[in-house]
Amino acid sequence: MFHDIELQWAATYEYPLPWHLLPHLHSFYQLFYIIEGVAEFTVDGHVFLVEAGQSVVVPPNSMHEAKSVNTKVLRASEVMFRLKDEALAKRLTERRRLLRNNTVTDRLIQYVTSYCLSRDPSVHCSAEGYLHTLLWELTMPPQGFDKLACNAYEIDVSGFSEVSGEVVRYISENYSKQITLESLSNATGYHKSYICTIFKKDTGITVNEYLNFIRIKHAAEYLTYANCDLTSVCASVGFLNISHFNRTFKKFLSVPPGHYHRVAKTKVNSALLEKNSFEHLESEPLMTMAAQLGAIVDVFE
């Protein structure tokens, strides 16, 4: 842990519309960093709009909900963390309604989401350091630095070949679209057969298995946190028909998405994930992500 901050989870999402985060509370801070679109947040009874270029921090044990507002796209980074820095906690509580993003915070949030899932303790500690700086920067006047881009990965790709890293990045950014070996080849510049061979060597699984894992991971998050019907979730994560979505979801989590959704609405239980079928993939990156997904769906215990 980096000093007085503990990073629990960070990721960037494009939410299925219309999006509604059901009322709930939890024991940690949650940052919503709006990248594109508009959302209405209600925190402890106070209602306000958060637009692209703004952020909001929900303090621990604050009842809150959110929903999309007249927008074609809603994309944001979410960060969950615990904080012991009293001075910073006071600033976040005082200014939790609207924080102004800037070019520095754009870069920092990308670092946080990129490094959050690393299996390397030193890299994860770096992510916590970036988060600490990000939170202080958000409560400071905007600074005029040029925006620098940083690729965000769903899993730690250290030790992977360049081609596998490119495949992971492409799937992270495009899982909601139709992805084929042909489109991967065009995007990365590598031959299809070479992509398949190297990716399987690096990860122990096929490209299609990884793609389905990412889609089901995001589907489970939507079903846990958002008030979405199954058809909307199915389309939002890239499945062409509900039957294929149902079969794939059950393959990974051992229960149909409808049943998972009902359980999540009443009491999200991480024990549900202990019966999943990730083990047969025999891949450390996927097992790491399974553990991360388990941590996400356990927040309402």
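Student: Axes here are lines fitted to C-alpha atoms, for helices over the stretch in contact, and angles run from 0 to 180 degrees between N-to-C directions. At what angle do H7 and H9 pack?

Tutor: About 90°, with the axes 10 Å apart. That makes H7 roughly perpendicular to H9. The label covers 65 to 115 degrees; under 35 is roughly parallel, over 145 roughly antiparallel, and the rest oblique.

Student: What kind of model is this?

Tutor: It is a predicted model: local features need pLDDT of at least 70, side-chain atom pairs count only at pLDDT 80 or more, and totals for chains, interfaces and linings use all residues. Residues are numbered from 1 along each chain as its sequence is written, and side-chain values use heavy atoms, leaving out hydrogens and water.

Student: And the element labels?

Tutor: They are DSSP runs, numbered from the N terminus: helices are H or I with at least four residues, strands E with at least two. H7 spans residues 207-225 and H9 spans 242-253.

Student: Which residues of H7 meet H9?

Tutor: Among them are Phe213, Ile216 and Leu223 in H7, which meet a set in H9 including Phe245, Phe249 and Phe252. Contact means heavy atoms within 4.5 Å.

Student: Is H7 mostly covered or exposed?

Tutor: Mostly covered: 17 of its 19 residues are buried. Buried is under 20% relative accessible area, exposed over 50%, partly exposed in between (1.4 Å probe, protein chains only).

Student: New topic. What is the strand order in the sheet?

Tutor: E1-E8-E3-E6-E9, an open sheet with antiparallel pairing. Two strands pair if DSSP finds at least two bridges between them. E1 (5-14) and E9 (99-100) are the edge strands, each pairing on one side only.

Student: Which helix packs on the sheet and touches E9?

Tutor: H3, residues 121-138. H3 also touches E1, E3, E6 and E8, and its direction makes about 80° with that of E1. H7 lies across E1 and E8, at about 100° to E1.

Student: How many bridges join E1 to E8?

Tutor: Nine. Seven join E3 to E8. Methionine 80 in E8 is the bridge partner of tryptophan 9 and of glutamine 30.

Student: Why is E8 called largely enclosed?

Tutor: Because seven of its nine residues are buried.
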